[in-house]
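Hi,

Here is the structure I promised to send over. Have a look at it first, and then read on for my notes.

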Amino acid sequence: MIKRRRFLMKAAPVVATAAAVTLVDAPNVIAQPKIQWRMSTAWPPALKVMQGSAQRLGKIVEEMSGGRFRIEVFAGGQIMADFACFAETSKGTLEAFMGAPSYWASNEPAIEWFQTVPFGMDPEGMAAWYYQGDGLKLWEETYAPFNLVPRQGPAFAPQMAGWFRKKINTVGDYKGLRFRIGAGLGNKVLTKAGTTAVLIPASGIFAAFERGVIDAAEWVGPHDDMELGLHKAAPYYYYPGWHEPGTMSEFSFNKKAYDALPVDLRRTLDHAVAAVQVYGLADYHEKNAVALERMKTEFKGKIELLQLPAAVLRDLKKLSAEVVREQSEKSAIAKKVHASFAKFQALVGPWDHVAEGAYHQLVVGTA
Amino acid sequence: MTARRRFLAKATRAVAATAAVTLVDAPNVIAQPKVQWRMSTTWTPANDTLQGAALLLAKIVEETSGGRFRIEVFPGGQIMPPFECFDAASKGTIEAFMGVSHYWAAKEPAFDWFMTIPFGMNPEGMAAWFYQGDGLKLWEEAYAAFNLVPRPGPAIAPQMAGWFRKKITTIGDYRGLKMRISGLGGKVVAKAGGTAVLVPGAEIYGSLERGVIDASEWIGPHDDMKLGLHKTARYHYYPGWHEPGTMMEFGFNKKAYETLPSDLRRTIDHAAAAVQIYGLTDFHAKNAIALQRLKTEFKDKVEVVQLPVPVLRDLKKLSAEVLREQSEKTPTARKVHASFTKFQALVGPWDHIAEGAYHQLVAGTA
């Protein structure tokens, strides 16, 4: 999946590469300085949808620039540890990374909102906040002290609520539950509901279930969860993913490297990211549909697909509001980002209700 | 909005443009043949979201190519009547057009499926069908006969069901109703006993005022308010069952597209995809603002009302009949209908527990 050839040259914004540019028609080969970047992701190679999006960005940038701009993409662990990519890009050791903003929220609490917040907006709302509201501007401000330029990657959302060994009938059923949940505010909400949060990397979730170390776990959705084997570890698969309704991934760039790009390549990178958002969401949508169908046929009788009771969701929503408020009080910028997000969500909510909401309830939902 | 300067040079693949390319940094100006295209759209300049999407495509292509590829965009009526752009691009008089595939469905009934069908998929489903399913491949096949290469543009959906002067409480209320509604939705309304009337956007307000029509659909709050529809009919109904996933299109003359160097070909492909997300978010935010205005400024004059479930159930039955009839008209339509239906059935259950549950349970829980 990942090009394994050795990368010998030290990455610099302008490197004359001798590599053959096979994608380009002859009349268009341009005797121009070539730019070679390196991107490390926070994903293990097994996460094909996510790692695939990073590779897709590299491919699109190369295609659009006629080979003048190449980004070599590495999976987490290949040239550095998964979670080192933020700090390394910030320092300029490499030019780009792909990850999920909440991974870096310990640097600045405001970063959570750029990924997703419990009971927040869905991918369409998130994208509208970035492009039509203040979202992207605020994210750029938030990342500027880290010498980073953020761009929104594809959304991996809405997600599922997770896999459970026991049914959830009331919010009290969360009490004492040993729950594997990723970083992010959903984790804090469950802690408020009385669970014991257990942090386990993706690859260890199945084994943790098997050994009885955890009672429940969330990861992403049918496709990615099945890749981890979770459908064989717990029988109850709950929706909706209230904790991650709009999970946006991120492509972020070292600010100096980004600013040093010629304007055309800077815009190429920006718009390529937007194109990857479209391709990535379509990919996520279709792959999960196929995986869900498999669960309902191949694994029929072994998995129960269940909706969290409305009363449980109501309680989780109250706890989420507390968590989000507490988080927003941690820094001045978190307060500002929270206010912008909440205002935008309130603006698009009523329209979303009569447009997409009514579509799901009444257009496809009417028998 | 659109560059008004006279376009004198005959557009060809390689025109040495003398215009100053202000966007490009000096070290990156490339002594390369320049490509200049013309695009004519079906929109008027007043359709800001629609014409804006065409202009945005041109801007992105110019920016990312460092000025080597420029597309001059004309609204309908400027260099040709709005609905001549398909044929003109097909013949190669112009290199590109923007519209919706439904406008050309008289040539091939299958085209309707590439825009939207009643009770079909939403924008997310449409994009997934194009990129992950057979949608784009089938569209390319269907347009190849016209020397055209199609690319999905932004979605302007879901739409609203329209503006009504009287309330709709049963399917019987459609009987005798004169409604401005285009496309397959019009055929459904006709089956329900109404009269589907085609009135251009600019004339809808006057037709409602004069009582020539009793109801009309257009797009959604933002575009509808531009036409003044909120001042002439009280009931604004949802959901837009007839256009749940309306996709716009960019169409290119096949020869012009194929003679592009491959980097510019990929540039225009990916630029069209980027415009999808910019355009959809523009539609989303603008309609949110317009709806807020309807609910505050026009609170006493407009009621936003949901079509009753039994009415939707009846419309869905009639829609299925219309789709079946349309799909039987040509082998291509049959094939496209089958692919669409299969894909909708595939993504439906996932959509139900993902976006469906989001809207009902996550955004909807008090």
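Are Asp263(B) and Arg68(B) buried or exposed? Both of them are buried. I start with this pair, since the notes below keep coming back to charged side chains. Please keep in mind that this is a predicted model.

**That pair, and where its partners sit**

The side chains of Asp263(B) and Arg68(B) form a salt bridge, with N and O 2.9 Å apart.

Helix α10 of chain B has another one for you. Asp269(B) makes a salt bridge with Arg151(B), and here the closest N and O atoms are 2.8 Å apart. This pair also links distant parts of the chain: Asp269(B) is in helix α10, Arg151(B) is in strand β4 (residues 148–155), and 118 residues separate them. Asp269(B) is buried, with a relative accessible area of 9%. Arg151(B) counts as buried too, at 9% relative accessibility.

**A salt bridge inside one helix**

Now for a pair within a single helix. Glu63(B) and Lys59(B) meet through their side chains in a salt bridge, 3.0 Å from N to O. Both residues lie in helix α1 (residues 48–64) of chain B, four residues apart, which is about one turn of the helix.

Lys59(B), at 46% relative accessibility, counts as partly exposed.

**Over in chain A**

Chain A has a network of salt bridges that links Glu140(A), Arg151(A), Arg267(A) and Asp270(A). Over all chains, the count of salt bridges comes to 39.

The buried residues in α4(A) are Pro123(A), Glu124(A), Gly125(A), Met126(A), Ala127(A), Ala128(A), Trp129(A) and Tyr130(A).

**A contact from one chain to the other**

What does Ile353(B) touch, leaving aside residues up to four places away in sequence? It touches Met160(A), Tyr239(A), Pro240(A), Leu292(A) and Leu305(A). Ile353(B) itself sits in helix α12 (residues 331–362) of chain B. At 3% relative accessibility, Ile353(B) counts as buried.

- Chain A: the secondary structure comes to twelve helices and eleven strands. Its C-alpha trace spans about 65 × 45 × 40 Å along the principal axes. A compact globule of 367 residues would have a radius of gyration near 21 Å, and chain A agrees with that at 21 Å. Of those 367 residues, 63% count as buried.
- Chain B: there are twelve helices and eleven strands. The C-alpha atoms fill a box of roughly 65 × 45 × 40 Å, taken along the principal axes. For 366 residues, a compact globule would have a radius of gyration near 21 Å, and the 21 Å of chain B agrees. Buried residues make up 62% of the 366.

How much of the contact network reaches across the sequence? In chain A, among contacts between residues at least 6 apart in sequence, 76% join residues at least 24 apart. In chain B, residues 24 or more positions apart account for 77% of the contacts with a separation of 6 or more.

Last, the charges. Chain A has 42 positive and 37 negative charges, and their mean positions are 4 Å apart. Chain B has 43 positive and 36 negative side chains, and the centres of the two sets lie 3 Å apart.

Cheers

How values were computed. Residues are numbered from 1 along each chain as its sequence is written. Chains are lettered from A and ligands numbered from 1 in the order in which they are written. This is a predicted model: local features need pLDDT of at least 70, side-chain atom pairs count only at pLDDT 80 or more; totals for chains, interfaces and linings use all residues. Side-chain values use heavy atoms; hydrogens and water are left out. Helices (H or I, at least four residues) and strands (E, at least two) are DSSP runs, numbered from the N terminus. The radius of gyration is taken over C-alpha atoms; the globule rule is 2.2 Å times the number of residues to the power 0.38. Buried means under 20% relative accessible area, exposed over 50%, partly exposed in between (1.4 Å probe, protein chains only). Contact means heavy atoms within 4.5 Å. Lys and Arg count as positive and Asp and Glu as negative; His and the chain ends are not counted. The place of a charge is taken as NZ of Lys, CZ of Arg, CG of Asp or CD of Glu. A salt bridge is a side-chain nitrogen of Lys or Arg within 4 Å of a carboxyl oxygen of Asp or Glu.
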